[in-house]
Amino acid sequence: MSSADWMALTTTLKLSAVTTIVLLILGTPIAWWLARTKNKVSVVVEAVVALPLVLPPTVLGFYMLVALGPNGPIGGTLESLGLHHLAFTFTGLVLASTLYSLPFMVQPLKDAFAAVGDRMIEVAATLRARPWDRFFSVVVPLSRRGFLTAITLTFAHTVGEFGVVLMVGGNIPGETRVLSIAIYDHAEAMDYASAHLLAGGLLVASFLLLFTVYLLNRRYTVVHP
Amino acid sequence: MSILARFKLDYANFSLDVDLDLPGRGVTALFGPSGSGKTTLLRAVAGLEHAPGGTLSINGDVWQDAATFRPTHQRPLGYVFQEASLFPHLDVRANLEFGQKRVPQAQRRVSLDQAVAMLDIGHLLGRKPARLSGGERQRVSIARALATSPRLLLMDEPLAALDFALKQEILPYLERLHDELDIPVLYVSHAPDEVARLADHIVVMEGGRAVASGPLTDTLARLDLPIRLGDDAGVVLDAVVAARDAEWHLAHMKFAGGRLWVRDHGLPVGHRARVRILARDVSLARAPTTGTSILNTLPAVVVDSVDDAHPALTLVKLRVGESPLLARLTRRSAHALELAPGLVVYVQIKAVALIG
C-alpha cells in the first residue's frame with residue numbers, strides 16, 4: 001500500500017471515530033427524547049432524522065457545501081468572524097458525516113430506550129436513584145445492545161461514505177481524502193491492483209466488524225423476567 | 001402518628017378523589033375491585049403520579065403540599081410492584097444493594113443481612129433474576145425495598161401475579177414483616193383473604209373514592225359494605241389459642257365474645273391468630289339446637305339487618321359478646337324467625353377459617 005493510501009486510511013478512521021463520538025453525544029439525547037415524548041412534534045423530528053436514509057448523498061452533500069462554504073450561512077458567519085469557512089476541510093467533513101449518519105445512531109438507540117420501558121425507571125426512582133443516576137445505572141446497561149449496534153453502524157456507515165465526502169470535502173490528501181475516494185481514484189487511473197487491495201480490505205473489515213457485533217449482541221441478550 | 005393523604009386527580013375516564021387519615025403503623029389495606037383507584041392512590045403516595053394540589057404527610061414528615069413536591073427518589077419509601085421488576089442486568093446481591101447504597105449511612109436502619117434473613121434469600125444472592133422462580137423474585141423485590149430502610153412500605157398487589165402455592169410461600173414472610181418491623185405498610189389488594197390475613201386497617205375503594213376507612217374488624221362488619229363484598233362478606237376476629245384437643249385434632253380459640261372450635265393447625269396454646277367467619281356460613285336459630293353436626297353454636301344479639309344485593313337475601317349484623325358477626329339469610333327465614341334488633345338468637349357457624 002502506498003503512503004498516500006495509508007494516509008487515506010488514517011483519515012477515514014479518524015473521520016469515522018470523531019463522527020461516532022460526536023453522534024453518541026448528540027444522538028443519545030435525541031433518541032431518548034424520541035423514545036419518551038408524547039409530543040406530536042416528535043413525528044416531524046423522526047422524519048428529519050431519517051431523511052439521510054433516503055436522500056442521495058449528493059443532495060445532502062450539495063446543501064452542506066453551500067452552507068459551509070464562504071457564502072453560506074455557516075461558512076459566511078465564520079468568515080465574518082475572521083475565521084475560515086468549512087468547505088473542503090476535515091471539520092466540514094465531520095459536520096456533514098454527522099448529519100449523514102444521524103439515523104444510524106438515533107434509530108437503534110431509540111428502539112433500545114423504548115424497550116427499557118417505564119417500569120424499570122420507576123423502580124430505580126423508588127430506590128432513591130436521581131434522574132441522571134437512573135439513566136446511567138439502569139437505562140444504559142439495559143440498552144447496551146442498542147448502543148453497540150448504533151456505534152458500529154455509525155462507524156461503518158461513515159467509513160463507507162462517498163458522495164457526501166466528494167461534495168463537501170473534495171480530495172485533499174491528509175485532510176479530506178478518504179478510502180472510498182482513494183479507491184475511485186485508483187479505478188479511474190486503471191490501477192486495479194491498488195483498488196482491489198483497498199476495496200477487498202474494506203469488504204473484509206466491514207464484514208468482520210458486523211459479524212463481531214451480531215455475535216456480541218447475541219451473547220448480551222438480556223432475559224426479561 | 002398518622003398518614004394524611006389528600007389527592008384529587010382527573011383523567012379522561014377516571015378520577016381519584018380521596019381524603020384519608022390513616023394510622024401511622026401497621027398494615028393498611030387499600031381494597032377494592034380493579035379500576036377503583038387503589039394503584040393510582042399508591043402511585044400518588046409514591047410521587048410516581050404527579051397530583052398537583054395534593055397533600056401528603058407521613059408521621060409528621062411532609063412529602064407533598066401546596067409548596068412542596070418531593071420527587072419519588074427523595075421520599076423514604078419502599079415500593080413493591082405487582083411484578084417483581086428486578087433489574088435483569090444485576091444479580092440478586094446487586095439488586096439488593098442498588099437501593100441501599102443510595103441511602104445515606106446515617107439513615108440506614110435495616111441492614112442488608114437483616115433484609116436477606118427476613119425474606120430467607122441468602123442462597124440466591126449470586127443468581128441473576130432470570131434464574132429465580134416467581135416467588136423467589138418477589139421475595140428479593142420485597143427485601144430490596146426493605147434494604148432502603150423505608151419509613152413507609154407500599155405494596156401493589158405483590159401476590160396477584162403468583163399462583164396459590166406461591167402465595168402461600170410468600171404470605172408468612174409478609175406476616176413476619178408485620179410482626180417484626182415497625183414500618184407502616186399500604187397494601188393494595190383485591191383479594192379478601194389477603195386483607196383478612198394481613199391488614200389492621202382497611203380502606204375500601206370504589207370508583208376513585210374511599211367509601212370506607214377504619215379498623216379491619218369494625219369496618220368488615222359494617223352493614224353497608226358487605227353487599228359490595230358479595231360472597232366474601234364476613235368478619236375477621238382476633239383470637240388466641242386457648243386449648244388443643246389432641247383426640248379430634250381441634251383447637252379451641254378464644255375471642256372477645258366466646259370460644260370457637262377450629263381445625264388444629266399446630267399453633268401452640270397462647271398463640272394469637274385471626275379467625276374469619278363468612279356471613280354465608282352463619283345461620284340463626286331461636287333456640288339452641290341439638291342433634292346437629294355444627295360444632296360452634298353461640299348466643300348472640302341481633303343488631304340490625306339490611307337487604308342484600310339479591311332480593312331473596314338479607315344481611316344480619318349480630319353481636320357475640322363484644323365481637324360483631326354477620327349472617328346472610330333468606331328474607332323468608334328472617335321473617336319466620338321474626339328477627340328484630342335486640343332479639344337473642346343462637347348463631348350456628350358452619351365454618352371458621354383460621355388465618356395466620
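Read along the sequence, chain A runs α-α-α-α-α-α-α-α-α-α, which amounts to 10 helices and zero strands. Helices here are DSSP runs of H or I with at least four residues, strands are E runs of at least two, and both are numbered from the N terminus. This is a predicted model, with local features needing a pLDDT of at least 70 and side-chain atom pairs counted only at pLDDT 80 or more, while totals for chains, interfaces and linings use all residues. Residues are numbered from 1 along each chain as its sequence is written, and chains are lettered from A and ligands numbered from 1 in the order in which they are written. The C-alpha trace of chain A spans about 65 × 45 × 30 Å along its principal axes.

Within chain A, one helix pair can be picked out. Helix α7 (residues 144–159) of chain A and helix α10 (residues 192–219) of chain A have axes that come within 10 Å and cross at roughly 175°. That angle makes α7(A) roughly antiparallel to α10(A). (Axes are lines fitted to C-alpha atoms, for helices over the stretch in contact, and angles run from 0 to 180 degrees between N-to-C directions; under 35 degrees counts as roughly parallel, over 145 as roughly antiparallel, 65 to 115 as roughly perpendicular and the rest as oblique.) On the α7(A) side, A:R145, A:L148, A:T149, A:T152 and A:A156 meet A:S206, A:L209, A:L210, A:V213, A:L216 and A:N217 of α10(A); contact means C-beta atoms, placed from the backbone, within 7 Å. Sorted by class, this contact has six nonpolar, four polar and one charged residues. Here Ala, Val, Leu, Ile, Met, Phe, Trp, Tyr, Cys and Pro count as nonpolar, Asp, Glu, Lys and Arg as charged, and the others, Gly among them, as polar.

Turning to chain B, its average pLDDT is 91, and 99% of the residues score at least 70; pLDDT is the predictor's confidence in each residue, from 0 to 100. Confidence in chain B is lowest in α8(B), at a mean of 64, and highest in helix α2 (residues 92–100), at 97. For the complex, the predictor gives an ipTM of 0.85 and a pTM of 0.85.

Chain B also has a helix pair to look at. The axes of α3 (residues 112–119) and α4 (residues 134–146) of chain B come within 9 Å and cross at roughly 150°, so α3(B) and α4(B) are roughly antiparallel to each other. In this pair, B:A115, B:V116, B:M118 and B:L119 of α3(B) meet B:R139, B:I142, B:A143 and B:L146 of α4(B). The contact has seven nonpolar, no polar and one charged residues.

An automatic or database assignment sets the domain bounds, and chain B is divided into domain 1 (2–231) and domain 2 (234–355). Across the boundary, 10 residues of domain 1 of chain B are in contact with 17 residues of domain 2 of chain B. On the domain 1 side, α6 (192–198), α7 (216–220) and α8 (226–229) of chain B each supply at least two residues, and α7(B) gives the most, with three.

Finally, between the chains, 21 residues of chain B are in contact with 17 residues of chain A.

Key: Two residues are in contact if their C-beta atoms, placed from the backbone, lie within 7 Å.
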